[in-house]
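Dear colleague,

Please find below the sequence and the structure that I am handing over to you. My findings follow directly after them.

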Amino acid sequence: MDYKFLVTVSFFELYKVESLLRTNGVRLKIQDLYNSNLNAGWVDPFCNSNERTILVLAKDFHLAKKILDNLYN
């Protein structure tokens with residue numbers, strides 16, 4: 001399956017965005033680069049940049065983008 005980058009969100013926004021996308025039938029993957037970088041020692045453990053990357057199926061990309069536009073505008 002071909003996934004496409006949609007957005008990077010903070011840990012605190014993740015639940016709301018994930019829930020909204022899944023409710024609308026968008027299939028997604030969440031990448032947690034913060035914890036892997038923390039474990040590797042590349043990130044300060046007290047860093048405020050605790051973000052997640054959301055990828056969606058390419059066929060769902062336009063729908064997901066429209067949902068996020070409505071959420072943030």
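**Findings**

The buried residues of α3 have a cover that includes β1, α1 and β3. Helices (H or I, at least four residues) and strands (E, at least two) are DSSP runs, numbered from the N terminus; buried means under 20% relative accessible area, exposed over 50%, and partly exposed in between, with a 1.4 Å probe and protein chains only. Contact, here and below, means heavy atoms within 4.5 Å.

The model is a predicted one, in which local features need pLDDT of at least 70 and side-chain atom pairs count only at pLDDT 80 or more, while totals for chains, interfaces and linings use all residues. Residues are numbered from 1 along each chain as its sequence is written, and side-chain values use heavy atoms, with hydrogens and water left out.

**Overall architecture**

The protein contains 3 helices and 3 strands, and from the N terminus on its elements run β-α-β-α-β-α. Of its 73 residues, 27% are buried. Among contacts with a separation of 6 or more, 74% are accounted for by residues 24 or more positions apart.

**The sheet**

The strands form an open sheet of 3 in the order β1-β3-β2, with antiparallel pairing; two strands are taken to pair if DSSP finds at least two bridges between them. β1 and β2 (28–31) are the edge strands, each pairing on one side only. From one strand to the next, the twist averages 25 degrees. Axes are lines fitted to C-alpha atoms, for helices over the stretch in contact, and angles run from 0 to 180 degrees between N-to-C directions.

β1 and β3 pair in the antiparallel sense over 7 bridges, and K4 stands opposite V56 in β3. The antiparallel pairing of β2 with β3 has 4 bridges; there, I30 stands opposite I54 in β3. β3 is largely enclosed by the rest of the structure, because 6 of its 7 residues are buried.

α1 lies across β1, β2 and β3 and runs at about 140 degrees to β1. The 13 residues of α1 should span 18 Å at 1.5 Å a residue, and its end C-alpha atoms, 19 Å apart, agree with this; the expected span is 1.5 Å times one less than the number of residues in the helix. L14, V17 and L21 are buried in α1. Seen down the axis of α1, its buried residues fall within an arc of 90 degrees and so line one face of the helix; the arc is that of the directions from the helix axis to the C-beta atoms. An α-helix has 3.6 residues a turn, so residues three or four places apart point the same way. The face of α1 turned away from its buried side carries the exposed residues F12, Y15 and T23. The cover over the buried residues of α1 includes β1, β2, β3 and α3. Just after α1, G25 takes a positive phi of about 80 degrees.

α3 lies across β1 and β3, running at about 20 degrees to β1. F61, A64, I67 and L68 are the buried residues of α3. They cover an arc of only 125 degrees around the axis, which puts them on the same side of α3. H62, K66 and N70 are exposed on the other side of α3.

**The nonpolar core**

The largest nonpolar core has 14 residues, of which L6, L21, I54 and V56 touch the most other members. Such a core is a set of buried Ala, Val, Leu, Ile, Met, Phe, Trp, Tyr and Cys residues joined through side-chain atoms within 4.5 Å. Two or more residues of this core come from each of β1 (3–10), α1 (11–23), β3 (51–57) and α3 (61–72), and α3 gives the most, with 4 residues. Leaving aside neighbours within four places in sequence, V56 is in contact with D2, Y3, K4, L6, V26, R27, L28, F61 and A64.

**The loop residue D60**

D60 lies in the loop between β3 and α3 and is buried, with a relative accessible area of 7%. Beyond its neighbours within four places in sequence, D60 is in contact with G25, V26 and R27. The C-alpha atoms of D60 and V26 are separated by 5.9 Å, although these residues are 34 residues apart along the chain.

With kind regards
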